[in-house]
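This briefing goes through one protein chain, from its overall form down to single residues. Please look at the sequence and the structure before reading on.

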Amino acid sequence: MTPHFFVRNIPIYGDLILSPMAGFSDIPFRLICREFGMSMNYTEVISMDGILWKNQKTFKLLNFLPAERPVIFQILGNDEDKIVEACRIIEQLGPDIIDVNMGCSVSDIAGKGAGAGLLKDPAKIGRIFNKLTKVLHVPVTGKIRLGWDNKSQNYLEVARILEENGASLIAVHGRTRSQFFNGKADWHAIAEVRQTVKIPVLGNGDVKCVADIERIKCDTGCNGVMIGRAAIGHPWIFQHKDRDQVSYQDKIELIQRHLSHM
């Protein structure tokens, strides 16, 4: 089988990826999505402080099974040195890739300079990735939004900085932080990122049905499609099935299997 793309030297067989979502992207749901055709397993987002404080609940979120590889740990924080320290710790747990979250729009997070709050300081992003790619052995990737708001859409600048400082992949949610999940995702902006960098780009935002998968690939040229809300309660989207194509009995059986995994 030919890989769809590589994250540095890691082959990725498939172009559909479950978006990292707090409260959803746990082992049971990841296993089901993987069985249905999902190609890379992101953990739920992990707090930098939780790692440094040795919080057991935080470390539990990093548990994974061998069948899930390649596995991506996603880290969240606002202090560049602490992010590096936390990533050095979690690298010892054996992930294939470490991802930096620059897209979380939650006020308590972004407002404190983490998640999408990092987009306000592209130079800081550059320093973080420069340090991470020098000290870590695994590839480092990033998930971004288009900017803080419509007046500060700096996604191309951030994408170039990420690539120049060693990032191996960029996932782009086609909204600004101020949009949260409202309005329409800008797929044209994702296409611009894809045309600007040479590393793989994942398109994310407004993939609501199977037809949207092909549309976003066609419109953006992205290497893979990251699916979030559309996969909640409907992992069949990774089998290219829409909700109305899944029988009631299939849903019942999968609910029982999901509960058994949990």
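Two residues are in contact when heavy atoms of theirs lie within 4.5 Å. In this predicted model, residues 24 or more positions apart account for 67% of the contacts in the chain with a separation of 6 or more.

**The whole chain**

- The chain contains ten helices and ten strands.
- Its radius of gyration is 17 Å, close to the 18 Å that the globule rule gives for 262 residues, so the chain is as compact as a globular protein of that length.
- The C-alpha trace spans about 50 × 40 × 40 Å along its principal axes.
- Of the 262 residues in the chain, 55% are buried.
- The chain has an accessible surface of about 11,900 Å², and carbon and sulfur atoms account for 51% of that surface.

- Six of the six residues of strand 5 (residues 71–76) are buried, so the strand is largely enclosed by the rest of the structure.
- Strand 4 (residues 41–47) runs parallel to strand 5 and is joined to it by five bridges; Asn41 stands opposite Val71 of strand 5.
- Strand 6 (residues 97–102) also runs parallel to strand 5, with four bridges joining the two; here Gln74 stands opposite Asp99 of strand 6.
- Strand 5, helix 4 (residues 80–91) and strand 6 form a right-handed β-α-β unit.

**Asn101, a residue of strand 6**

- Asn101 belongs to strand 6.
- The relative accessible area of Asn101 is 8%, and buried means under 20%, so Asn101 counts as buried.
- The side chain of Asn101 reaches the backbone nitrogen of Gly103 at a distance of 3.0 Å.
- Not counting residues up to four places away in sequence, Asn101 touches Val45, Gln74, Ile75, Leu76, Gly115, Leu118 and Lys143.

- Strand 10 (residues 224–227) is covered on both faces.
- Gly224 and Met226 lie on one side of strand 10, Val225 and Ile227 lie on the other, and all are buried.
- Strand 3 (residues 16–18) pairs with strand 10 in the parallel sense over three bridges, and Ile17 has Met226 of strand 10 as its bridge partner.
- Strand 9 (residues 201–204) pairs with strand 10 in the parallel sense, over three bridges, and Gly203 stands opposite Val225.
- A right-handed β-α-β unit is made by strand 9, helix 9 and strand 10.

**Val210, a residue of helix 9**

- Val210 is found in helix 9 (residues 210–220).
- With a relative accessibility of 15%, Val210 counts as buried.
- Val210 and Lys241 are 31 residues apart along the chain, and their C-alpha atoms are separated by 6.4 Å.
- Leaving aside neighbours within four places in sequence, Val210 is in contact with His240, Lys241 and Asp242.

How values were computed. Residues numbered from 1 in each chain as written. Predicted model: local features only at pLDDT ≥ 70, side-chain atom pairs only at ≥ 80, totals over all residues. Heavy atoms only, no water. Buried < 20%, exposed > 50% of the residue type's maximum accessible area, 1.4 Å probe, protein only. Pairing = 2+ DSSP bridges. Right-handed = clockwise from strand over helix to strand, strands pointing away. Rg over C-alpha atoms; globule rule 2.2 N^0.38 Å. Areas by Shrake-Rupley, 256 points an atom, 1.4 Å probe, with all protein chains shown as cover. Polar contact = N/O pair within 3.5 Å; in protein donor to acceptor, adjacent residues only side chain to side chain.
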